[in-house]
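Subject: Structure handover

Hello,

Here is the structure I promised to pass on. Please open it first, then read my notes below.

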Amino acid sequence: MLDAVSQSANPLRILDAGCGIGTESLCFSYFGADVVGCDARSRVVRFADRRREFFSDQCGRSLACRFVHGSVFEALTDAEFDAVWIREAISHIHPLERFLEDLHGTMAAGGIVVIREHNSANRFVRSTLTRRLKQVDRELGSVYCYRDAESGREFEFADERPFSLESISRLLGDFGFEVRVAFGLGAIPKTLISRFFIFRPLRRFAYQWLWNAERRVGRRRVAWRWAKAMVVVAVRV
Ligand SMILES: C[S@@+](CC[C@H](N)C(=O)[O-])C[C@H]1O[C@@H](n2cnc3c(N)ncnc32)[C@H](O)[C@@H]1O
């Protein structure tokens, strides 16, 4: 995404769907994008906005980043976007089919969608999710109504819908997106590095090496089964 941001002739208009406290929104805007971060929880949106003020002060310029409280459905219809970034949110957005339809309907051909999510093809990730889902099912059901305490507004959230690289790619294909890049993340455990590299300077190089290796390994289908998380980059056709 950062490559797309820096190579774009005009500021790339990005929607960070389900932005949380807005870390990536701030990062994209720092590198020149024009970002809208949207989240249903007003507390996190307020916090994201305070972070925007703080980082704008730190870099001596106002970051082109706006945080809005509301549903991603509203954000999609409010403005046009060249790219939509969805980190750890696709498993919560409900109804997902309507979201993907809206995404396709509102983006122009060539628009980019980047999804980063945990990979439920990994059996440890899947078993953690299943345990959690069983608990949630007992109490609430896996789609529940979230009531925002400050605004009093209600939103429907899905709880941790499990996806694999194959299933998310298929889904995007069904809704008119072409998957260009798909890779697993965390196929090589980083904890190995933290445990064994006690010298901080070496650790930095080790992480760099690990990140490069991870990207190479993560693109191979065989790694799609055990990667902890995944990234899919798709283009609206
Ligand atoms: C696990 S958090 C991820 C936050 C952030 N993207 C990150 O990676 O740190 C998922 C977020 O999606 C938001 N979300 C889920 N469904 C939403 C919807 N329909 N509209 C707006 N936000 C939504 C939740 O409020 C939550 O903050």
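Which residues touch the most other members of the largest nonpolar core? They are Ile14, Leu15, Ala17, Ala83, Val84 and Val232, out of 50 residues in that core. A nonpolar core here is a set of buried Ala, Val, Leu, Ile, Met, Phe, Trp, Tyr and Cys residues joined through C-beta atoms within 7 Å. Buried means that 20 or more other C-beta atoms lie within 10 Å of a residue's own; exposed means 12 or fewer, and partly exposed is in between, with C-beta atoms placed from the backbone.

Before you go on, note that this is a predicted model: local features need pLDDT of at least 70, side-chain atom pairs count only at pLDDT 80 or more, and totals for chains, interfaces and linings use all residues. Residues are numbered from 1 along each chain as its sequence is written.

**Core and strands**

Setting aside residues up to four places away in sequence, Ala17 touches Cys38, Val72, Ala75, Val84, Trp85, Ile86 and Ala89. Touching, or contact, means that two C-beta atoms, placed from the backbone, lie within 7 Å.

Now look at strand β4, residues 83-87. Helices (H or I, at least four residues) and strands (E, at least two) are DSSP runs, numbered from the N terminus. Five of the five residues of β4 are buried, so the strand is largely enclosed by the rest of the structure. Ala83, Trp85 and Arg87 lie on one side, Val84 and Ile86 on the other. Both faces are covered.

β4 pairs with β1 in the parallel sense, over three bridges. Leu15 has Val84 as its bridge partner in β4. β4 also pairs in the parallel sense with β5 (residues 112-118), over five bridges. There, Val84 is partnered by Val113. Strands count as paired if DSSP finds at least two bridges between them.

**Two helices**

Helix α2 spans residues 23-30, and its buried residues are Ser25, Leu26, Phe28 and Ser29. They cover an arc of only 165 degrees around the axis, which puts them on the same side of α2. The arc is that of the directions from the helix axis to the C-beta atoms. These residues pack against α1, β1, β2, α3 and β3. Gly32 follows α2, with a positive phi near 115 degrees.

Helix α7 covers residues 165-174, with Leu165, Ile168, Ser169 and Leu172 buried. Seen down the axis, the buried residues of α7 fall within an arc of 100 degrees, so they line one face of the helix. Exposed Arg170 and Asp174 sit on the face turned away from that side. β5, β8 and β9 are among what covers the buried residues of α7. Just after α7, Gly176 has a positive phi of about 85 degrees.

**Around the ligand**

Which residues come nearest to the ligand? Of the 17 around it, they are Gly18, Gly20, Ala40, Arg87 and His92. A residue is near if its C-beta atom, placed from the backbone, lies within 6 Å. β2 and β7 are the elements that give two or more residues to this shell.

His92 lies in the loop between β4 and α5. His92 counts as buried because it has 20 C-beta neighbours inside 10 Å. Beyond its neighbours within four places in sequence, His92 is in contact with Gly18, Phe157 and Ala158.

Best wishes
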